[in-house]
Amino acid sequence: MNRFRNALWQASFLLACLTSAGSYGQDGYFGTAKVNINPLTPIMLSGYAGRATIAESTGVQQNIFVQAAAFGMGAETSLLLTVDSTGLPDNVVDPLRAKLANNLGIAQERIVMTCTHSHSCPCVSGYLPNLFGAPLPATQQQHVDAYTAKLVEWMEEAATEALDNRTPGHEISWANGSAGFGQNRRGEGVDDHDLPVMLVKNAVGEAKAIIASYATHGTTLNASDNLVSGDWPGYARQAIETLYPGAAAMIMIGAAADSNPTPAGTSLAAFNHGRTVANEVRRLIDNNLMTPVSSQISAFQTEVKLDFATTLQPGDPSGTMLAPSPSSMNYGVTSWTFGKDLAMVFMEGEVVADYSLRLKAELGDKVWVNAYSNDVMGYIPSERVLRAGGYEADSSNYYYGNPGRLAYGLEDKIVGAVHEQLFDFTGQGDRLQLLVDWRTGEASIVNMGDLTLSIDGYTIASPAGKLNPANGAWQSFQDQGLSSWDEANNSNSSRITEFKTAGSQLFAPGTRFSIGRPVIIVPPAKFGDDVGGTVELTFEYSLAGGGTEQGGVRAEIGVDVINNLVMTINPLTGAVGIRNASPFFDVSIAAYSIASTDGKLRRAVGWRSLADQSLAGWDEADNSNAFRVTEFNPTGQLYLAEGGTVLNLGTLLDVSGGAINLDRLKFEFLLSNGETLEGVIELAQVGAAGDYDLSGRVDGADFLAWQRSLGSPVAVAGAGADGNSNGIVDAGDLAVWRSHFGLVGNETAAASVPEPASSSTAWLLLSLVFLHRLRGVCARVADTQAC
């Protein structure tokens with residue numbers, strides 16, 4: 001019997017290996033690594049501006065580390081790094097994420113780097129550029145630059161080791177505890193005391209990793225404590241690893257921008273705060289309060305444009321720091337969902353507590369919010385903090401090199417991005433959705449879930465009175481002749497309602513009903529002007545069996561309507577296209593220029609210029625090269641209608657070096673009226689073969705995506721439903737869909753994913769022989785001194 005059980009265990013283990021090698025399923029694969037990142041030379045410590053008059057640190061009070069945790073295998077690998085650092089800037093994070101993603105064959109949203117925001121860690125090049133007022137002396141800057149280069153090597157080393165250390169059979173669980181030593185430093189009483197904890201056990205039940213997060217600054221130690229230390233997060237790691245020998249303890253920081261540890265000022269206080277965290281971890285684990293979590297991770301990444309404020313708004317404080325000219329920055333949010341059990345949200349920058357409190361209130365108690373993730377580019381205030389002003393809203397921007405405070409409206413943009421990412425996780429996918437095209441006001445009611453719903457009424461409301469109930473605008477179900485539907489007599493610019501007087505209307509999964517253009521859209525004044533925000537709407541419907549449900553309101557084609565020319569890039573091939581994305585204006589251009597500061601333009605071999613395409617009057621500039629290509633028409637202009645033909649410029653961009661850095665590209669054009677504008681650059685969303693709606697599955701929804709865009713040119717070859725990459729949605733793309741129907745996620749791209757050594761042909765054959773024989777046997781300080 002023991003021999004039978006042992007053989008059966010070997011067969012199960014081998015089958016798990018084969019399944020992972022063939023389909024890249026996760027199967028509980030997990031590994032960790034830890035690398036010491038103490039500075040090798042004297043170095044300036046970060047975080048406190050007061051250290052400008054203090055010498056470089058020459059000692060280590062507490063060792064600091066980068067730690068990595070690798071979940072899953074193959075294209076489903078997800079990689080989390082926690083770094084004892086005050087902050088990581090984009091010049092560190094972006095290239096490393098791109099390199100790791102390229103080497104692993106995984107999407108960048110599956111790689112997250114967080115920092116513990118200890119103010120006793122070494123300076124990193126590019127982070128807090130104005131922290132000390134004047135530039136550092138040459139020798140000190142050299143030490144910082146050398147440490148930064150070494151830090152990148154150490155981070156890559158930890159990531160690689162964690163990947164190499166993966167073994168199968170791990171189980172994940174989580175619980176949400178609390179701690180009280182973080183206090184709002186603005187005196188406003190807005191605090192997030194949650195202390196979420198994740199436990200990863202190996203196949204024999206041993207704790208292999210404990211990941212925890214708490215929302216307060218790493219500022220227990222003072223600027224005068226000029227020794228390297230991880231502050232309370234470092235002491236928390238030490239204490240947890242003492243309680244659970246053999247387990248890697250990884251500490252992240254929540255939305256802590258306006259929270260400080262209390263008490264503070266001594267190493268003993270830092271030690272005690274760390275012990276408080278560890279004791280709460282032990283309470284949750286040892287009292288069996290952990291809840292199992294799926295190992296199947298889905299990852300999402302969104303970048304939104306946050307504008308800087310250029311005008312003073314009514315009620316703004318006198319200290320409001322305005323930007324000198326219109327400008328904006330890109331802000332990223334990443335989310336990982338562990339099945340339907342847990343959602344981890346990773347927010348860039350120093351985020352105030354309002355965000356985490358709001359997200360958890362709106363999305364539920366299975367949401368874990370982390371800040372100081374990936375690029376820490378500055379403070380991210382809420383609307384409330386912007387109105388109040390102060391350090392987090394205004395003066396902190398100097399230290400981060402930002403031109404001024406961020407403009408109102410950022411909170412809804414960021415929160416909205418998280419809502420979109422967690423749409424299916426929160427169950428919104430099980431409700432009817434009102435899809436609105438914010439360019440035209442066209443709306444549809446659609447069932448995007450898996451269940452058939454039966455309704456007998458619906459209402460759309462607009463507090464600002466942006467609805468048009470007139471015939472020809474709102475095309476009600478009654479207008480469309482659907483049996484027994486009747487418009488309510490009180491339908492007006494604030495509310496439109498109709499109900500079914502007999503029977504009910506079935507909405508099977510995928511069912512979609514257009515209701516015309518009932519939403520009033522106000523266009524911008526001229527081409528190139530920014531478009532105003534979306535219209536605030538609510539949508540609810542009544543179920544035939546009784547009860548009313550709140551439906552979702554989603555953007556049909558992007559929330560941010562672009563009133564400009566857009567240069568779109570296929571990130572896989574480097575193909576470039578230009579289109580007029582404005583739904584309001586036609587436009588004519590007489591020249592365009594595309595620049596790449598890192599020389600990534602394939603002028604000689606990839607650029608398919610308008611002159612090459614024999615468009616009358618167009619001429620390539622003689623100085624076109626790998627850093628800039630320019631083309632002009634001295635005798636006329638090119639007319640670009642909204643929604644018209646896409647200008648295909650060939651595979652202009654070299655993507656062989658990995659992920660594309662949009663900050664190093666610039667697209668400008670000359671209008672026929674002599675005005676020069678800067679266009680928008682975006683990456684095309686390109687799914688696996690046949691996955692036209694980017695859902696990770698090739699199914700009937702992809703057929704609908706193909707059907708709705710049939711005959712239309714795409715922004716760039718290979719995007720949208722252009723499965724055969726010929727630049728237009730045609731019958732060939734239907735064939736691609738048919739040949740991949742039913743495949744899920746990585747199955748459609750398995751050929752492009754590097755296979756692990758264990759899936760070599762010889763190993764596979766040997767394993768099959770083994771199974772055949774076995775069958776026979778078994779039938780991350782309130783003043784300007786701290787950032």
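The structure is a predicted model, in which local features need pLDDT of at least 70 and side-chain atom pairs count only at pLDDT 80 or more, while totals for chains, interfaces and linings use all residues. Residues are numbered from 1 along each chain as its sequence is written, and side-chain values use heavy atoms, with hydrogens and water left out.

Strands S5 (171–178), S7 (194–201), S8 (207–214) and S16 (367–370) each supply at least two lining residues; strands here are DSSP runs of E, at least two residues long, numbered from the N terminus. S16 gives the largest share, three residues. By class, the lining has seven nonpolar residues (Ala, Val, Leu, Ile, Met, Phe, Trp, Tyr, Cys or Pro), three charged (Asp, Glu, Lys or Arg) and three polar (the others, Gly among them).

Elsewhere in the description come two helices (DSSP runs of H or I, at least four residues). Helix H4 (residues 231–243) packs on helix H5 (residues 267–286) at an angle of about 45°, with their axes 7 Å apart; axes are lines fitted to C-alpha atoms over the stretch in contact, and angles run from 0 to 180 degrees between N-to-C directions. H4 and H5 are therefore oblique to each other, since angles under 35 degrees count as roughly parallel, over 145 as roughly antiparallel, 65 to 115 as roughly perpendicular and the rest as oblique. Residues in contact (heavy atoms within 4.5 Å) include Trp232 and Tyr235 of H4 and Phe271 and Val277 of H5.
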